Amino acid sequence: MAGCAAALAAHRGGAAEITVFERAAGQLADRGVGLAMHNDRYAELESAGYVDAEMPWLQLSRRCWYVKNGSAPLGRRIGVLPFPFRTYNWGPLWHELRDRVPKSAEFRNGATVTGVEADPDGVEVTTASGSERFDLVIGADGYRSAVRTAAFAEVRPEYAGYLAWRGAFPAERLMAPELWPDEDCVYAVFPGGHTIIYRIPDGKGGLRINWVLYTAPPPDLDLRFDNPTSLPPGTLAETLHTRLAHIADTQLAPYWGQLVRTTTAEELFVQPMYDFTAPHYASGRLVLAGDAATVARPHTGGGAVKALQDATTLEARLTSAPDWETALRTYDESRAATGRSMVELGRQLGLGLVQETPDWSTMDQRGLEKWWQQADGSGGFGGRRLTS
Ligand SMILES: Cc1cc2nc3c(=O)[nH]c(=O)nc-3n(C[C@H](O)[C@H](O)[C@H](O)COP(=O)(O)OP(=O)(O)OC[C@H]3O[C@@H](n4cnc5c(N)ncnc54)[C@H](O)[C@@H]3O)c2cc1C
């Protein structure tokens, strides 16, 4: 997403020739999983011309918090908080952004960047086809960014100590859908973790059920997460399957546990949680955007928003600054501060929602409101406001 948006930003910012290198061959596969975008952040990005209502979305309005309570199907409802978010399916959202990449830009699929070397006059980019020189390189290449490594080799994603199990499946497979209104996002909380559950568009007029369960892996698990990685569908280690099934059966109320168990192995991912932020968003002729620059834990609900905001800010700076050096310096000042604050927020929410969970069993609506106010602190949930 950051790559498509950055190409649009560079085009609008006056770049005459743009090349996008994308490692994935062909079209990026539809991952079928979801993300949520705060209504206010959507409005800012829409007025900047990066998203619009053509992208299939589902409007949600509230977050219902449930804790297991004996055999009660949904559990006990702790309370309800507002949730003014649109939900999206990653695949269709990416396709819409891809369509915004200007026709004049050259989009190269299956082109893995293996080397990035910057000098005062330009940047050498190496792929299997050889090396090419560019005036400027925007690294929108995700959390294992080659561009970030070239600029800030010392920055390493830090493992947070827990995993996200993630799944999505067609809504037709959901049992008793009438128990759970379409506009409700659910937080099914338990000691040491939680599951966030909401519906997303399938991009073909229907809906999918999307969920993410966060908790620590079993302590005896012989998997190392020091090197950033994710485990795609079908490769889930047996112990991780067993752990997920155990949590679904013992920690989630029957309805939410059954929902998680409805997901097939081919529909499951496991993503170890990492976070980091680069010290700067620009260094000489290298620029960073999206997850390449900063990964905040997904509890912030703002990673995609942050990636798109990076692009809109880059465009604004390129079009208003007297020269590209000033544009990049002011881009860095603005976005690095946001990146740092989102990482902080993600850590704070990670503590409250996973690592040091409160006693959910005794919490009520008032307690929930008070707890959330403390956890969210400066109110960055869903992403920071886009400053002009
Ligand atoms: C469990 C989970 C839930 C989330 N929920 C939300 C949410 O509700 N709301 C929200 O806003 N965000 C959410 N996010 C965050 C959001 O998904 C990411 O922040 C966002 O997708 C990052 O986009 P990106 O384009 O920066 O990086 P990526 O999506 O990682 O894209 C990087 C691209 O670069 C390519 N690439 C990498 N290396 C190379 C190379 N060497 N050469 C060529 N190409 C390369 C890759 O193929 C890829 O296409 C969530 C994240 C997770 C893990």
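Predicted model: local features only at pLDDT ≥ 70, side-chain atom pairs only at ≥ 80, totals over all residues.

Tutor: The centres of domain 1 and domain 2, taken over C-alpha atoms, are separated by 25 Å. Domain 1 is made up of 2-55 + 90-157 + 276-376, and domain 2 of 61-89 + 158-274. Across their boundary, 40 residues of domain 1 are in contact with 44 residues of domain 2. The size of an interface is often given as the accessible area lost when the parts come together. Domain 1 and domain 2 bury about 3600 Å² between them, and 59% of this area is on carbon and sulfur atoms.

The ligand lies between domain 1 and domain 2, because both give residues to the shell around it. That shell holds 27 residues, of which the closest are Ala2, Glu22, Val113, Asp291 and Ala304. By class, the shell comprises 15 nonpolar, 7 polar and 5 charged residues.

Polar atoms of the protein approach oxygen atoms of the ligand at several points. Asp291, already named among the closest residues, places a polar side-chain atom 2.8 Å from an oxygen atom of the ligand. The backbone takes part as well: a polar backbone atom of Ala36 is 2.9 Å from a ligand oxygen atom, and a backbone N or O atom of Met1 lies 3.1 Å from an oxygen atom of the ligand. Taken alone, the ligand exposes 1000 Å², and the protein buries 86% of that area.

Turning to secondary structure, the elements that give two or more residues to the shell are strand S1 (19-22), strand S2 (34-38), strand S15 (207-215) and helix H7 (303-320). Helix H7 gives the most, with 3 residues.

Note on methods: Residues numbered from 1 in each chain as written. Heavy atoms only, no water. Near = heavy atom within 4 Å. Polar contact = N/O pair within 3.5 Å; in protein donor to acceptor, adjacent residues only side chain to side chain. Areas by Shrake-Rupley, 256 points an atom, 1.4 Å probe, with all protein chains shown as cover. Helix = DSSP H or I, 4+ residues; strand = E, 2+ residues; numbered from the N terminus. Nonpolar A, V, L, I, M, F, W, Y, C, P; charged D, E, K, R; others polar. Domains from an automatic or database assignment. Contact = heavy atoms within 4.5 Å. Buried area = accessible area lost by both parts, 1.4 Å probe.
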